Amino acid sequence: MRRETLLNAVIMGALLLVPLWAWVADEPFTITLATRVAILSLAGVGLNIALGLGGLVSLGHAIFFGIGGYAMGILASHAQDYSPLLESPFLIEGTKSMPVIWLVAIVTSALAALVIGALSLRTSGVYFIMITLAFGQMFFFFTISWPAYGGEDGLSIYVRNGFPGLNTLDPIQFFAICFVLLSLALFASSRISRSPFGLALTAARQSETRVLTVGIDSFRLRLVAFTISGAITGLAGALFADLNRFVSPTMFSWQTSGEIIIFVILGGVGRLFGPVAGAALFILLEHFLGGLSEFWQIYLGFLLLAVVLFARGGLIGTLAGREVAHD
Amino acid sequence: MTEPVLETRNLTKRFGALTASDGVSLDLRAGEIHALIGPNGAGKSTLIAQIAGSLAPDEGSVLFNGEDVTRLDTVARARRGLGRTFQISALAMEHTVLQNALLGAVGATGRAFRFFRPVLKDTALLARATEALARVGLQDLAARQTAELSHGQRRQLEVAVALTLKPRAFLMDEPMAGLGAGGSKRLTTFLGELRREAPILLVEHDMDAVFALADRISVLVYGRLIATGTVDEIRADREVRRAYLGEDA
Amino acid sequence: MPMSMSARCSTDRPGGCKPPGQLGRRFLMSLVLLMEQALNGLQFGIMLFLMAAGLTLIFGVMGLINLAHGSLYMVGAFAAAAVAGWSGSFLLALVASLAAAALAGTLIELLVIRRLYDRGHLDQVLATFALILIFSESTRWVFGSFPLYLQVPAALAGPITLPGGIQYPVYRLLIIAVGLAVAAGLFLLISRTRIGIRIRAGENDREMIAALGVDISRLYTLVFALGAALAGLAGALVGAIQSVQVGMGEPVLILALVVIVIGGIGSIKGALVGALLVGLTDTLGGFLLPVLFGAFLEPSAAASVGSALASMLIYILMAGVLIFRPTGLYGAGT
């Protein structure tokens, strides 16, 4: 077995076993931490398709995280107030059903990614970074100044949304939902990276000319990748909002975009399980260093700097060596 | 006479005061190798770029299989069967040799938007890619990372990727460069046979190869085509001798 | 949005939301208010130029995208606030802001930034994002989370009456003057001096000027320190009209990035045009849009739609520019 495969198994095993242990030991807070890891990993898995495979440095993925969050917030707030979302031309009611919310989150963030991608992918390099950042700021300021859904204060949901047959208020059951969704996304991501599409996308990152000369439209490749990427990050946003029972414009902030990139980078860019390793490391640092010092982000800053300057493969790259990750 | 496979008519491209292509009209006929030669800075790369579709001409047109493709981009021309190799290798360096060949197969079969089935499990793609690699003699290096290939092997891979497209015409920009004597000879033999599958527009500095291979030669000087003809005609052409040798013959 | 000085409908301003009087008088008042807002926009734009000039120079010469530029702005503001508190001199505070930011800039250039010149944009974004974390949290550690205040000297604190009866703060006019002077100085530096020639040469061809024997790494440190000093000065100048606090740099950084992207990365002229465009669009948009929507929406809806749209306006502007000119107004082709 390759070392990376082994490491991936260890990471996923730990992510599954720690909350199970916490469940037996009655430590709900640990389960919540693990749930956070699973959800943030999912956001990273989404970004990794654009960033890791496509080489698209999006500093605007908070848009999709936020759209997913607000999809949940808006639907659930209408449901808890018993006020319809829309009365004419046809009636749309709010909902407290997770599957419906997920579907809405995925579809709306995919649509947003399609439009934003179609506009942004006309540029490249640093301009692409900046235009995605600008779109993120648009959403951020829009939610701050739009009073209908809480404006700057955000929206609170009193009771977590439901999933048929499960008690989502039980931390371990909600964790299970998130873990299953993460696993599905990882499976999909692994299939995509080995598919003809994945091959073409990664090749376009290395040599756009090559892809064009074999008759593949690199713009379309990237647009599709960006859309899939946004959809997955959007799903993570809906789950994140459900975990906190709260959404606010912070989900759209550029720091959120930066953090999602950090998950991917800390873990190892382009590595299938990189976002999981990175998000786990991030949450562990936040938890333990945050307990030691109020200023734990100084250490995070130095760690990130060290990874960028000296350990470019991230956690997985450092532990598993420089094998070719995508075969 | 049959219609040429590839044809440029009065192709003109200016960069400011410089006219990089000056009313170039040339054609590539079925079964031939047509070599394009000229001193450095003659505008060969500019011309190739316009034929391939990566650069839009100011005037004139490009016809491929009788169709006016002047307004089509690189992707569309590749899909119509224009296979191109580059002077400076354009390959996915982090990928393996096989993956690069597979990329060509993916493009040729229009399967780039398949998301689920691993590319290595698609036997049709694999067959196409391995066949192309075998034809250029790279089959044993299939699992090697492209960045580890020598300069010459990269050239071979460029040709292999173009082969996966099963093109109707080849556009080759200095495929011999950096090959060394042995490699150059092998590729010469190979291209000699390849012309029967599809004609080749060959830009090449290696004059031995050009004179050994070419059915016809066109000479480009300062963006202008000064002569087109058989090897013997070009050898005897006074204007060519003057441009190349500075002779006042 | 800390740096936005867009006055919404405020009652403590001359010509704010007064009850409607005679039509002509109202029109005149609106005109005065509009002029005032235009001046605010100009002042805001000039401030953005001080930030954007450094950013665009650093990108143009070294090819580096520096997110930590906002941290240097913050360093300048804190240095100014600290020195002003200790010495009571505003002038000394400004000098301190220049010196501290230049020093911090030199330091990070030597330790971190120069390792990034040959890296991709992703590495640059991440490493400078890490620097933001380090700068912000260290500053919070030293100065605490509460904002500091930097007093405008008494002589500059009052308003002055401009032609047309517009009352406008002297200090803000001074900011405009300082900014214009810096802009002129920069253009002279780039076009007339030897360093400027080297900077321009460095933009065009790194190896060439290295071959000509110019110490390229010293030139880079110098350019970076210059950009840092300008950011620090901007921080100190703005610190006196707002509070000085951790996190003040990032909103400005993002606006400055918007500016240089609109102007075309690497172009000082583009930075100036972009900065004024962004400053005026943001300020006038915040003022005019609610009024505009008021014409066909009920007042509360007009205010919320107007201000929501106004807050997005410059990003819409930037996206629009990039969609039609993917390398900005004065950018070189990719």
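Trainee: What makes Ser136(C) count as buried?

Mentor: In this predicted model, Ser136(C) has 23 C-beta neighbours inside 10 Å. The cut-off for a buried residue is 20 or more, so Ser136(C) counts as buried.

Trainee: Where does Ser136(C) lie, and with which residues is Ser136(C) in contact, leaving aside neighbours within four places in sequence?

Mentor: Ser136(C) lies in helix α4 of chain C, residues 121-143. Apart from those sequence neighbours, Ser136(C) is in contact with Ser71(C), Val246(C) and Gly247(C). The C-alpha atoms of Ser136(C) and Met74(C) are separated by 8.5 Å, although the two residues are 62 apart along the chain.

Trainee: How much of chain C is buried?

Mentor: Buried residues make up 49% of the 334 residues in chain C. Chain C has 12 helices and 2 strands, and its pattern along the sequence is α-α-α-α-α-β-β-α-α-α-α-α-α-α. Of the contacts in chain C between residues at least 6 apart in sequence, 75% join residues at least 24 apart.

Trainee: What makes α3(B) roughly parallel to α5(B)?

Mentor: Again, set the angle against the cut-off. Helix α3 (residues 97-109) and helix α5 (residues 151-164) of chain B pack at about 25 degrees, with their axes 7 Å apart. The limit for roughly parallel is under 35 degrees, so α3(B) counts as roughly parallel to α5(B). The crossing of α3(B) and α5(B) is right-handed.

Trainee: Which residues of α3(B) and α5(B) meet there?

Mentor: On the α3(B) side they include Val97(B), Leu103(B) and Ala108(B), and on the α5(B) side they include Leu157(B) and Val161(B). By class, the residues of this contact are 8 nonpolar, 3 polar and no charged.

Trainee: Why are β2 and β5 of chain B said to stand at the edges?

Mentor: The open sheet has 4 strands in the order β2-β1-β4-β5 (chain B), with antiparallel pairing. β2 (18-28) and β5 (67-68) each have a single partner strand, so one side of each is left without a neighbour in the sheet.

Trainee: Which chains touch?

Mentor: There are 2 pairs of chains that touch, and chains A and C have the most contacts. No contact joins chain B and chain C; their closest C-alpha atoms lie 14 Å apart.

Trainee: How many residues do chain A and chain B give to their contact?

Mentor: The contact takes 23 residues from chain A and 30 residues from chain B. On the side of chain A that touches chain B, α7(A) gives the most, with 7 residues. That side has 12 nonpolar, 7 polar and 4 charged residues.

Notes. Residues numbered from 1 in each chain as written. Chains lettered and ligands numbered in written order. Predicted model: local features only at pLDDT ≥ 70, side-chain atom pairs only at ≥ 80, totals over all residues. Contact = placed C-beta atoms within 7 Å. Nonpolar A, V, L, I, M, F, W, Y, C, P; charged D, E, K, R; others polar. Pairing = 2+ DSSP bridges. Buried ≥ 20, exposed ≤ 12 C-beta atoms within 10 Å, placed from the backbone. Axes fitted to C-alpha atoms, helices over the stretch in contact; angles between N-to-C directions. Parallel < 35°, antiparallel > 145°, perpendicular 65-115°, else oblique. Left-handed = near helix turned anticlockwise from the far one by under 90°.
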